[in-house]
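Hi,

Here is the model I promised to pass on to you. Have a look at it first, and then read on for what I found.

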Amino acid sequence: MEQNFDKIRRLSADIRIQTTMAIGTAGFGHIGGAASIADVLAVLYGGMMRIDPKRPDWSERDWMILSKGHCGPALYATLALAGYFPMEWLGTINQPGTRLPSHADCQKTPGVDMTTGSLGQGISSAVGIALGNRLQGRDSWVYCIVGDGETNEGEVWEACEAANHLSLDHFILFVDWNKKQLDGRLEDICKPMDLEEKFRSFGFDTVTVKGYDVEEIWNAIQRAKTVEGKPHCIILDTIKGLGVPLAEAVEFNHYLNFNLEEAKASCAEIEKRFQEGTYPGGDMKW
């Protein structure tokens, strides 16, 4: 399957722009982790997944579960850009009566495949969905994104054990390894050890890629699909807040307050970087 990676990079920039504008309109939101998953979302919804935005509940679709559900704004921006609902909805994120609440909710938002509130629950749901698809004879792929801080949850590893035991080879897990969580850096809260080694020890076919390189992500997914009999884990080595200048400038950017003018200025810088070829990281040191 050949792909236009420039088009996917454009989509990832637009996801960051629309996410930043939506949160800026609300005045608050989870920008850090939303920014660091923009590239994997662009790959998935930019050609990798079998989906039909006009039929969000199509039974033969591929599924995407955002286990780190507080990063819903990035998923909402992606779904709007893909045509699941009007772009105007993005201006209502986190506001009373919205169909785009702070945490992803499948009862409210077209295209959200599973409600994911408490961390750790999304991956359990994704494993169950992958098993259900197999039992019903579907060849659909199930993708799931967890945060690196989320791997503190024991439920994550119980789900991994089940996925390995069931040989769910149509299940691909992404770990957003952005090195930070709600209260600080990973090593200060609960040292994660070697994530690649841990997932491999749980029976996962595992690889680490640059989480901001859409071509690496795409190729890793294609490679995973050639490995039978095992669930798959792709660790996205990235930076929290990556690609959104106002978030990059703050050490602890899990949740930020910023206004619409600040959002517009940051989006202008995103577009400038994209045109200059320095997107997504600008002058950031990797």
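Predicted model: local features only at pLDDT ≥ 70, side-chain atom pairs only at ≥ 80, totals over all residues.

Threonine 238 sits in the loop that runs between S8 and helix H10 (245–248). Setting aside residues up to four places away in sequence, threonine 238 touches Ser36, Asp176, Trp177, Asn178, Lys179, Gly211 and Tyr212.

Now the sheet. Five strands make up an open sheet, ordered S2-S3-S4-S8-S7, with parallel pairing. Strand S2 (63–66) and strand S7 (205–210) are at the edges with a single partner strand each, so one side of each has no neighbour in the sheet. On average, neighbouring strands here are turned by 20° against each other, ignoring direction.

Going through the pairs, strand S3 (residues 142–147) is joined to S4 by six bridges, and the two run parallel. Tyrosine 143 has isoleucine 172 in S4 as its bridge partner. On to the next pair: six bridges also link S4 with strand S8 (residues 232–237), again parallel. If you want a place to look, aspartate 176 has leucine 236 in S8 as its bridge partner. S7 and S8 run parallel too, joined by six bridges, and threonine 208 is partnered with isoleucine 235 in S8.

How many of the seven residues of S4 are buried? Six are, so to speak, under cover: strand S4 (residues 171–177) is mostly covered.

Next, the helices. S3, helix H6 (residues 154–165) and S4 together form a right-handed β-α-β unit. H6 has twelve residues, which at 1.5 Å a residue should span 16 Å; the C-alpha atoms at its ends are 17 Å apart, in agreement with that. Which residues of H6 are buried? They are Val156, Trp157, Ala159, Cys160 and Ala163. Looking down the axis of H6, you'll see the buried residues fall within an arc of 155°, so they line one face of the helix. Behind that is a general point: an α-helix has 3.6 residues a turn, so residues three or four places apart point the same way.

What covers those buried residues of H6 includes helix H5 (121–135), S4 and helix H8 (195–201). On the face of H6 turned away from its buried side you'll find the exposed residues Glu158 and His165. After H6 comes serine 167, with a positive phi near 50°. As for H5, this helix lies across S2, S3 and S4 and runs at about 170° to S3.

Is leucine 256 buried or exposed? Its relative accessible area is 12%, and since buried means under 20%, leucine 256 is buried. Apart from neighbours within four places in sequence, leucine 256 is in contact with Gly27, Phe28, Gly29, Ile31, Leu246, Ala247 and Val250. Leucine 256 and lysine 272 are 16 residues apart in sequence, with 23 Å between their C-alpha atoms.

Over to you now.

Cheers

Definitions and conventions: Residues numbered from 1 in each chain as written. Heavy atoms only, no water. Buried < 20%, exposed > 50% of the residue type's maximum accessible area, 1.4 Å probe, protein only. Helix = DSSP H or I, 4+ residues; strand = E, 2+ residues; numbered from the N terminus. Pairing = 2+ DSSP bridges. Right-handed = clockwise from strand over helix to strand, strands pointing away. Expected span 1.5 Å × (residues − 1). Arc of directions from axis to C-beta. Contact = heavy atoms within 4.5 Å. Axes fitted to C-alpha atoms, helices over the stretch in contact; angles between N-to-C directions.
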